[in-house]
Amino acid sequence: MTRTTRLPAHLLRVAIASVLAVPLLVLPSGTASAAAGIHGSGSTWSSPATMQWSADVAARGLAVDYTPNGSTAGRNDFMSHLVDFAVSEIPFQGNYVDRAGQATNELARLQADNTKFKYLPIVAGGTSFMYNLKIRGQQVRNLQLSPRTIAGIFTNQIKVWNDKAIKDDNPALSLPATPITPVVRSDGSGTSAQFTAFLTNQVNDIWRPFFPGGMTSEFPVKGATKAQAGSEGVANYVAAGYGEGAITYVETAYAIQRQFPVASVKNVAGVYTQPSSDAVSIALTKARLNPDSTQILDDVYTNPDKRAYPISSYSYMIVPAAKQFSFDESKGETLGKFIKYFLCAGQGQAPRLGYSPLPPKLVSFGYDAIKSIPGAPDPGALPANLDKPTKADHDACPNPTFDPAWVPPEQKQQQQQPQQGGPGGANNQNNNGTTNNGTGGNTPKPGDTPGAAGGGTGATQGPDTGGGAGLDPGTGEVVAGGDKSGPGGPVSAGSVEAGDSPPLPPVWFYALTLVCLMAAVFGAPFLYGRLGRGRGPDVR
């Protein structure tokens, strides 16, 4: 008796399917699925930069998810082991009292859990005052405020825009009697902490009677004050149609995104300055650093340079310094590569996003933190001389401040304060105090003064690299020679940190995966049928 034997057919089909499925095993390398994903939360002040950098590295196989839920929430998430990293404008607090009077000790909680962590600087910027004020229907874009006037506004002592204190700061403006609506954060906020630290330090006689506790992450809500959640919330309130007369404190990036002006703030030299990238960098030259990289800002507030923006600071990333809880070496590899990216190539986007790039000294703290993260790749060597990086140093870490052609803002020749306004045309003030916005583009360029995006000149240009590395205004890429046509072309934004060659775009990967899968399923029977034609069945 004979019967047909199917075994050779099955073996042939398996072999053909295996060959056709090889791309399914090869293509995923370099995509986000090839690396352990990590999740962080915290600062909304730093969110525009953090979210941009997360998107940048996603194309190179690093899955970094970030939830901007406020600095206090981020620190709490880290203490509760819910995230792999946190971002905050202030470090963990000892004896902290919230607006409800409830006391907590974050440091004691970390010690009780034996949680190991490190701080590292992530981005520098200015806490700005975004406002919505009109004179005869025209948006005011050249408002000036002194620290004492700002304190009076946010403690409800100054209630209308034509108050004498504001008129003294703005003698050229015919200010209206529009009621002032201070808009503050309803959530625990590092921005609130930085702002109230400044008020406590500089205008203590106004701030302490309003809030005796000094610095706080939870801004008191009194009088006409409105509270909104997150930087997005306060910025959206001011920018809304019902926000006329409103003013808030927020990182400059949020005003840039909404094409709204921010006030020029009077520094100790008596000059009203915008929170431009250069003004922040100049102010932070007076920052003093603790051994753990946390900042002491007293001398920043009183920097005598007439170009300095007084309410400048940087935020911290908080990272694990040991394998603990759910954090392991695979996550450490992703986190280490992500940090290396934003300390180096990612800093090139800082001016475009409304921040200031970190200088080599602060980058060195970041490198030290990477070395404490389990599983993180070695970030490489720092410049032998942090004050004078070489071209090789810049090639290894394309942070714009590592470029030998970089001129630190504090070393630039002091110039007259530019007219307020954003990119696009002249900003001329009429006799009635209103502003004629110039015509032109609405998108700020790298290094532009962000005070009045969308109308007027007054842009304080970023550093002149003298033909060295620059920024492509369309993509934010670090570009050798100043533009994409220059020698060397764009410097890869992440080739050192996340793989030498970028993967295929995800859409092509999924399309090829589908094609290979269909070929594996339907191709084997077809080929077997072709090969088997003319042959009789196997008999035994």
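Which residues line the largest cavity? Let's take that one first. This is a predicted model, where local features need pLDDT of at least 70, side-chain atom pairs count only at pLDDT 80 or more, and totals for chains, interfaces and linings use all residues. Residues are numbered from 1 along each chain as its sequence is written, and side-chain values use heavy atoms, with hydrogens and water left out.

So, the answer. Phe78, His81, Val83, Asp84, Thr115, Pro320, Gln324, Phe325, Ser326 and Phe327 line the largest cavity. A cavity is a set of points on a 1 Å grid over the protein atoms alone, where a 1.4 Å probe fits but cannot get out; lining residues have an atom within 4 Å of a point. The space in the largest cavity is about 90 Å³. The structure holds 3 cavities of 30 Å³ or more.

Next, helix H6, residues 147–154. Helices are DSSP runs of H or I, at least four residues, numbered from the N terminus. In H6, 7 of the 8 residues are buried, so the rest of the structure largely encloses it. Buried means under 20% relative accessible area, with a 1.4 Å probe and protein chains only. Ile150 and Phe154 are among the buried ones. After H6 comes Asn156, with a positive phi near 65°.

Last, a helix pair. The axes of H14 (residues 329–343) and H16 (residues 360–372) come within 10 Å and cross at roughly 170°. Axes are lines fitted to C-alpha atoms, over the stretch in contact, and angles run from 0 to 180 degrees between N-to-C directions. H14 and H16 are therefore roughly antiparallel, a term for angles over 145 degrees.

Technical notes:
Buried means under 20% relative accessible area, exposed over 50%, partly exposed in between (1.4 Å probe, protein chains only). Helices (H or I, at least four residues) and strands (E, at least two) are DSSP runs, numbered from the N terminus. On a 1 Å grid over the protein atoms alone, a cavity is a set of points where a 1.4 Å probe fits but cannot get out, and a pocket is an open set with protein on both sides within 12 Å along at least five of seven lines; lining residues have an atom within 4 Å of a point. Grid points are joined across faces, edges and corners, and a volume is the space filled by probe spheres set on the points. Angles under 35 degrees count as roughly parallel, over 145 as roughly antiparallel, 65 to 115 as roughly perpendicular and the rest as oblique.
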